[in-house]
Amino acid sequence: MTHPYFEYTDVDRRFFEERLEPLLPERIFDAHRHVQLSEHLDETQERFERGSFPEGIAGPESVEQARLGYETMFPGREVEMLAFGSPQSNCDCAANNAYVSDAFSPAGGAHVPAPQDGGGSAGLALSRPAWSARRLLEELRRPAIIGIKPYERLIDGFEGGDVSIFEFCPHEHLELLDELGGWLTLHLPRKERLADWANIEEILELRARYPKVVLVIAHLGRSYAGRYAREGFPPLADDPGILFDNSAVLNPAVHALAFDRLGPGRIMWGSDQPVFYMRGRRRWEGDRYINLTSGDYTWNTDREPPEVEATYTLSLYEAMAACLDTLMGLGYGEAEIGAVFHDTARCLVDEVLARKEHW
Ligand SMILES: [Zn+2]
């Protein structure tokens, strides 16, 4: 089987051997990635698009393709994942959730060790804000599903703009999740992301009202550029129950702030695949990031000379190197790298899986 969204090259092989292989732990856990089949999308329905990155990079990626991607990118490593559907507005969320559940439960042929033994992958359910708590519970009771991945785009008729966290992750859902001790990976809304005081207040409110929810803020609060991290991490630093995944963050300075202000124990590595099969690097200007990529995407207007683009590796590798180099540069070592790339997520997933027996 060849992978539909990337070709592994000698540049990638060399990058892996020089920058990643010496530091990555034997076992890796990807705490944020998407899996989907094209049949989960209703193409007759118009969907909300922004006309910018990450469009055009990849279509749906199946669990088999995800595993093939890991095998190719991380030879000799054992990789498990916390996966969820891709939250397109035209997604049949229930079908995508059922697919994730089947893939990671014994009925789907997956090897699912008992929670106390560790191991195995798990999933989150895409949640439609319009669902009742009872409807959401049906999704949460699917095997191997340990929580939810709500998204502003799943608000009926969403047209962009700033919304409250509680508009797409309603209190009714949070009450249920709190009762169950379930997992919430939260994609922050609002243009100002983690630097928006309304988001900070809502995160603190969520923690105060729903303390048993395993709260993971996606993409370091969408802190792709430095100011969001500089302004957003301090007010959240004191609560060790606010966790983060670093998916889609390539910025070494943001990683440095995160590890210093929050500590490596609160940050889990996530790939956000299939988007980061994209080849290239990032640079930053003020609050903007610029994707430098060799991909033939409509939005790709910042090109470098062909001889420079020929040196691009997978963006995922760049993101991992930024994370690993920063940990090493700050004087951390094997224990913290193990925590970020495997142990913290593994341990939390196993805890929720154990609770799930009573859901
Ligand atoms: Zn994502």
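Visitor: Which elements do the buried residues of α7 pack against?

Guide: Before reading that, note that this is a predicted model, in which local features need pLDDT of at least 70 and side-chain atom pairs count only at pLDDT 80 or more, while totals for chains, interfaces and linings use all residues. Residues are numbered from 1 along each chain as its sequence is written. The buried residues of α7 pack against α5 (165-168), α6 (171-180), β6 (214-217), α9 (226-236) and β7 (242-245). Contact here means that two C-beta atoms, placed from the backbone, lie within 7 Å, and a residue is buried if 20 or more other C-beta atoms lie within 10 Å of its own, exposed if 12 or fewer, and partly exposed in between.

Visitor: Which residues of α7 are buried, and why do they fall on one side?

Guide: An α-helix has 3.6 residues a turn, so residues three or four places apart point the same way. In α7 the buried residues are Asn199, Ile203 and Leu206, and they cover an arc of only 60° around the axis, which puts them on the same side of the helix; the arc is that of the directions from the helix axis to the C-beta atoms. The face turned away from that buried side carries the exposed residues Trp197, Glu201, Ala208 and Arg209.

Visitor: Which residues of α6 are buried, and what do they pack against?

Guide: His173, Leu174, Leu176, Leu177 and Leu180 are the buried residues of α6, and because their arc covers only 160° around the axis, they lie on the same side of α6. Their packing partners are β3, α4 (133-140), β4 (145-150), β5 (183-186), α7 and α13. Just after α6, Gly181 takes a positive phi of about 70°.

Visitor: In what order do the strands of the open sheet stand?

Guide: Helices (H or I, at least four residues) and strands (E, at least two) are DSSP runs, numbered from the N terminus, and two strands pair if DSSP finds at least two bridges between them. Eight strands form the open sheet in the order β1-β2-β3-β4-β5-β6-β7-β8, with parallel pairing. β1 and β8 (267-268) stand at the edges, each with a single partner strand, so one side of each is left without a neighbour in the sheet.

Visitor: How many bridges join β1 and β2, and how many join β2 and β3?

Guide: Strand β1 (residues 27-34) pairs with β2 over six bridges in the parallel sense, whereas β2 and β3 (residues 122-127), also parallel, pair over two bridges. Asp30 has Met81 in β2 as its bridge partner, Arg33 stands opposite Ala83 in β2, and Ala83 stands opposite Gly123 in β3. Strand β2 (residues 78-84) is mostly covered, since five of its seven residues are buried.

Visitor: Which residues have the most contacts inside the largest nonpolar core?

Guide: In soluble globular proteins, nonpolar side chains tend to be buried together. A nonpolar core is a set of buried Ala, Val, Leu, Ile, Met, Phe, Trp, Tyr and Cys residues joined through C-beta atoms within 7 Å. The largest one here has 96 residues, and those with the most contacts inside it are Leu186, Leu215, Val216, Ala258 and Val340; its largest share, eight residues, comes from helix α13 (residues 334-356). Not counting residues up to four places away in sequence, Leu215 touches Leu184, Leu186, Leu206, Arg207, Gly241, Ile242 and Leu243.
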